[in-house]
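Here's a quick briefing to read with the structure open beside you. Take your time and find each residue as it comes up.

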Amino acid sequence: MAWTAPMTAVDGNLLTATEYNQHIRDNTLMLAPAIASAPGSIFVIDDNNRVVERQMGSSYVAGEDNIKIYQNTFKEVQQAGPMVTLRTGTRAIVSYACEMKNRVDNAQANASFEVSGATVIPPSNEYRLVHDALETDTWTRMSVTTRVTLNAGINTFRMKYHTGNRGPIHFRRREIVVLPL
Amino acid sequence: MAWNTTYVASTNDTFTAAQWNQNVRDNLLETEAAKATLANKHDYFVSTGANAITNRRSASTYVSGIVTTSSTSYTDLASSSVTVTTGTSALVWISAGMANSSSNALTAVSFRVSGATTVASSDTWMISSDGTNGWSNPYEPYDEHNRRSAAKLVTGLNAGSNTFTMQGKVGSGTGRFNNRDIVVLPL
């Protein structure tokens, strides 16, 4: 199906079935209500006279997890993720949150995310969430939001973690939200 | 071109060319498919008022390098701005790593708006760090620092080209800022 510039009618001309099918039926099928398949979608431009549906996604892991010893590269914790897989264009806004605490004074906790699938982006300190606190055994929950450049297609976003110069660091109530554009 | 209240047909009415042009052609030209162009790929549509939509484009600026300030009022942090076309509102996220040369000293980041609209930075939508040790190693940018975000739905904008600029300040000491990120979703 493709969009056709709507014709300009002239008095005295009859509307043919072909004209109706092309200018009303086919054009209407290019509109958001015709292509919507699920609640909560947004619509973004994909081409000349073409929009596509995008669905936001999120994932949440409630349970407490930890990294027991010094770990200076991002890793999975026992309860993986959270992670979310969805179709994106070349941009997505990614927001992730985590509650973290140190089991030793003045230690640092770090969370970030990686992208896999159509795009491969390793977890990075550049857009990480950092909690560096004096207190021991005090939970703090916070978030970070960034916008990433992607290869359009099916992409998976997954949170990962590391300590500062020592552990253990604990994590819980972890959530990642992705707005594909 | 503008949207027209759709014509209601009655039995035995003749559908005129003018009615077609107004109710079918002109209204179709106000739809998202008619307004979509490849040059604006991945833009999204928002309403701009009754029966009117337009495309908007998200934008962001990320700066990894370190900047410092000892200012106790908000001052620009170099290169941390983004300019977008907005309607009367925009959703803005700011993120930064923050540390301070003094212990238990506030370090804060907010943003201001300029261009079609002027809005000063405010603690109301700041991100902040406090209650940490002062950095012990001036050459270690990630010592005693916290990185976090905040979101703000900015309303009351004048529609047009608006620039969002990150600013920082401290309560005392010298604040150090890195990995600064500002993301704007214009509405």
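Start at B:Arg112, which sits across from B:Thr165 of β10(B). Keep in mind that you're looking at a predicted model.

- Strand β7 of chain B covers residues 107-115, strand β10 of chain B covers residues 160-170, and the two are joined in the antiparallel sense by nine bridges.
- Both strands belong to an open sheet of four, where the order is β5-β10-β7-β8 (chain B) and the pairing is antiparallel.
- Which strands sit at the edges? They're β5 (75-86) and β8 (127-129) of chain B, and each of them has pairing on one side only.
- Going from one strand to the next, you'll find a twist that averages 25°.

**Strand β7 of chain A**
- Now hop over to chain A, where strand β7 takes in residues 107-117.
- Why can we call β7(A) largely enclosed by the rest of the structure? Because eight of its eleven residues are buried, and a residue counts as buried when 20 or more other C-beta atoms lie within 10 Å of its own.
- β7(A) has an antiparallel pairing with strand β8 (residues 129-133) of chain A, made of five bridges; look for A:Ala107, whose bridge partner in β8(A) is A:Ala133.
- β7(A) also runs antiparallel to strand β10 (residues 153-163) of chain A, with nine bridges between them; here A:Ala109 has A:Thr163 as its bridge partner.

**The nonpolar core**
- The largest nonpolar core is made of 63 residues, and those with the most contacts inside it are A:Val94, A:Tyr96, B:Val92, B:Ile94 and B:Ile182.
- As background, nonpolar side chains tend to be buried together in soluble globular proteins.

**Domains**
- Chain A is assigned a domain 1 (17-53) and a domain 2 (56-180), and their centres, taken over C-alpha atoms, are 37 Å apart.
- Chain B splits into domain 1 (17-55) and domain 2 (57-186), with 37 Å between those centres, again taken over C-alpha atoms.

**Where the chains touch**
- How many residues does each chain bring to the contact? Chain A brings 43 residues and chain B brings 42 residues.
- On the chain B side, the elements that each supply at least two residues include α1 (17-28), β1 (44-49) and β11 (175-186).
- α1(B) gives the most to that side, namely six residues.
- Sorted by class, that side of chain B has 19 polar, 15 nonpolar and eight charged residues.

**A hairpin and a loop residue in chain B**
- β1(B) pairs with strand β2 (residues 52-56) of chain B in the antiparallel sense, through five bridges, and B:Val46 has B:Thr54 as its bridge partner.
- These two strands form a hairpin with two residues between them, and B:Asn51 in the turn has a positive phi of about 60°.
- B:Asn40 is found in the loop between α2 and β1 of chain B.
- Is B:Asn40 buried or partly exposed? It's partly exposed, because 15 other C-beta atoms lie within 10 Å of it.
- Beyond its neighbours within four places in sequence, B:Asn40 is in contact with A:Ile45 and B:Asn55.
- B:Asn40 and B:Arg56 are 16 residues apart in sequence, yet 8.8 Å apart in space from C-alpha to C-alpha.

Conventions. Residues numbered from 1 in each chain as written. Chains lettered and ligands numbered in written order. Predicted model: local features only at pLDDT ≥ 70, side-chain atom pairs only at ≥ 80, totals over all residues. Contact = placed C-beta atoms within 7 Å. Nonpolar A, V, L, I, M, F, W, Y, C, P; charged D, E, K, R; others polar. Pairing = 2+ DSSP bridges. Axes fitted to C-alpha atoms, helices over the stretch in contact; angles between N-to-C directions. Domains from an automatic or database assignment. Core = buried A, V, L, I, M, F, W, Y, C linked by C-beta atoms within 7 Å. Buried ≥ 20, exposed ≤ 12 C-beta atoms within 10 Å, placed from the backbone.
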